[in-house]
Amino acid sequence: MALDSGEFRLSCELRGHEDDVRGICICGDVGIATSSRDRTVRFWAPDPDKKNGYVLSKTLAGHSSFVGPLVWLPPSDRFPEGAIASGGMDTLVLLSDLRTGQVVETMRGHQYQVTGLALDDNGDIISSSMDCTIRRWRKGQAVEFWEAHQVAVQAVIKLPSGEFVTGSSDSTMKLWKGRTCLHTFVGHADTVRGLALLPGVGILSASHDCSIKLWTLTGQILMEMMGHTSLVYSVAAHSSGLVASGSEDCFLKIWRDGVCVQSIEHPACVWDVKFLENGDVVTACSDGAVRIWTSHGDRISDPHALEAYAVELSQYKNSRKKVGGLKLMDLPGLEALQVPGTINGQTIVIREGDNGVAYSWNSQELKWEKIGEVVDGPGDTGNGQVSDGVRYDYVFDVDIGDGEPIRKLPYNLSDNPYAVADKWLLKENLPLSYRQQVVEFILQNTGQRNSVPDPSLRDPFTGSSAYIPGEPSFSTVSAPKPTFKHIPKKGMLLFDSAQFDGILKKISEFNTKLQSNMEQKPLSLSELELSRLAAIVQVLKDTSHYHSSSFADADITLLFNLLKSWPLAMMFPVIDTLRMFILHPDGASLLLKHIESGNDVLMETFKKAMMSPVQPANILTIIRAVTNLFRHSFFFPWLQSHCSEILDGLSNCVPTFNKNAHLSYATLILNYSVLLSELKDKDGQAQVLSAALEIAEDANQDADSRFRALVAIGSLMRNNRC
């Protein structure tokens, strides 16, 4: 249905829970169910006396600990008013009759917290848990269960086709038909926490890596939504195409076509979001309130309620505000000025309204003299700078040198600089050895002398153990299997940055050389072909529209012709174009189509790049191109079948590698360790282990290459319980 074009504003608040509201379940048009840390489920029915309001209809009890996931069973002969299934930290799944409010089934079997619920077409309840399993319940009894992931399963949703998708702390998602895993989705860098279906398009995933991704059922990433500054817990979609997400950063974000069109701040963490059929958004907040937001003018709350919410939000922000490193709400008020100072020049900071004000004691006049407002230093004005559509306190221009393009380094004062450095170096494919240098750069340019993790940051799932933003996060509940910081590696590393202008310039330069040589002139590009190549690059540059842009058959044919015909010394900018072409969903699909038809230009190009005399630039670009194939799971069979040929070919060329090629090769091996462990390919794992050991044992290798090789070794050993 079409929605009003206006921004979302508060429609109403539902208050009744006594602690964090953790989950939301839309029960058709009969009401809304919510779960809470207060151990209850509450059912809210439409208010007959208030057009857009809801009233508390039922309070469902039975859990002995906090309640999380919910699923609604529509009205039936057995449940005339429907029923609610709920999962709790107490390991139970309870089924409550909405007519009576009583628990009618208690499902026991999970060993740890229940994290997700879904309803099968035949009425079976499907549950996921931190015990790594999926269980199917029928009439209160478990009829089957299986280990779905090797670490905690965090979410499960049912697809219209009958399959199920799970998200896990191993950073992957899996597509299930019964107990058979049809596909593993690899792409997130941390826990996959929330899942949703975008009708007619694909699957949405929310992750602790601060991103939301949109996937096809075959594993292609159609879109990536970046904008949250902390863990993303939930994601939802509406038939209009709008997407909503909730995060630890206290924001509800509304997305359209991959772009954040609105951010709505809450006075606490946003645990869950859901769309009503009419397009309104429901949020569950850790302040104990459920809120409904609308873009329809006739459903916006009255001015008094809007003002009350603004005051509540302001009080919350003030409670977190710091001035001069001091928490504003912890500062004394004006009454502190009634107490005389002890020595001349003594200073104190007091709270005056929303500001911290410094005073100095004048012992001669026996009074406190105002010095002025306390500020946090440069960049803390709240204006900030923007990077990729997101506002930050700072966005630095970083010059790497060596002809590399200027990189943008965004940073918020509330961020952990070490986590920011790690994430940025990984994103930019820069050596991890730069980490301390980047951290010192951040601290120096933000006026911070010391950086320590904020002790107020807690594990977002259990609320107990300390948590550092950007680091992989795990529950403090005793896990069934031990986990380690770096192993086993989950997710793939890619080479997704490119100097497109430099690539086009180099191709144009080589083309001019070909045109000036009578023998090679037939190999050169026409003006029309050069224009087509520029158009291809323009599409590759526009990453925000990867989900909707596409290529013509003539585009990939042009690339293939260049790869097949151009001289060895001129291949590398074309291979570099192919490297980025692979990252585009439609480009990758076109490439796969040709490979499956018998035109495996990819392997032909690989073999050509290995030919003597070896060109270092060809080696570097072909390694990175092959590495980028790991972006798409439909290339996994190709990568597996050609693993031996690829690693043997590159191993022979190692003496010609420069530093960048060594790091790229180690990255390729690391990705192979992840893939072949997932596929349980013992022979392939043995070859990858051998290649990784050669790198790790080479004292002349740089630290970053050896580190990635060691992670590959550790991952292979951990996955094989060695």
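Select strand S2 (21–27), strand S6 (67–73), strand S7 (83–88), strand S10 (114–119), strand S14 (153–158), strand S18 (192–198), strand S22 (232–237) and strand S26 (270–275): each gives at least two residues to the lining of the second largest pocket. Strands here are DSSP runs of E of at least two residues, helices are runs of H or I of at least four, and both are numbered from the N terminus. The model is a predicted one, in which local features need pLDDT of at least 70 and side-chain atom pairs count only at pLDDT 80 or more, whereas totals for chains, interfaces and linings use all residues. Residues are numbered from 1 along each chain as its sequence is written, and side-chain values use heavy atoms, with hydrogens and water left out.

**The second largest pocket**

Next, select Ile24, Leu70, Ile157, Leu195 and Lys274, which lie nearest the centre of this pocket among its 50 lining residues. A pocket is an open set of points on a 1 Å grid over the protein atoms alone, with protein on both sides within 12 Å along at least five of seven lines; a cavity is a set of points where a 1.4 Å probe fits but cannot get out, and lining residues have an atom within 4 Å of a point. The space in the second largest pocket comes to about 1400 Å³; such a volume is the space filled by probe spheres set on the points, which are joined across faces, edges and corners. Coloured by class, its lining shows 31 nonpolar, 13 polar and 6 charged residues. In this scheme Ala, Val, Leu, Ile, Met, Phe, Trp, Tyr, Cys and Pro are nonpolar, Asp, Glu, Lys and Arg are charged, and the others, Gly among them, are polar.

**The second largest cavity**

The count of cavities of 30 Å³ or more is 2. To find the second largest cavity, select Arg39, Val41, Leu60, Ala61, Gly62, His63, Ile84, Ser86, Leu94 and Ser96, which line it. Its volume is about 50 Å³. S7 and strand S8 (93–97) each supply at least two of the lining residues, and the lining comprises 5 nonpolar, 4 polar and 1 charged.

**Two loops with positive phi**

Move to lysine 139, in the loop between strand S12 (133–138) and strand S13 (141–147). Its phi is near 55°, a positive value in a residue other than glycine. Is lysine 139 buried or exposed? Lysine 139 is exposed, at a relative accessible area of 73%; exposed means over 50%, buried under 20% and partly exposed in between, with a 1.4 Å probe and protein chains only.

Although not a glycine, cysteine 250 has a positive phi of about 75°. Cysteine 250 is buried, at 3% relative accessibility.

**The helices**

Select helix H6 (residues 553–565) with helix H8 (residues 585–596): they pack at an angle of about 65°, with axes 10 Å apart. Axes are lines fitted to C-alpha atoms, for helices over the stretch in contact, and angles run from 0 to 180 degrees between N-to-C directions. H6 and H8 are therefore roughly perpendicular to each other (65 to 115 degrees; under 35 is roughly parallel, over 145 roughly antiparallel and the rest oblique).

Proline 613 lies in the loop between helix H9 (601–609) and helix H10 (616–628). The peptide bond that joins serine 612 to proline 613 is cis, with omega near 0°.

Finally, select histidine 662 in helix H13 (residues 659–679). Histidine 662 is buried, at 16% relative accessibility.
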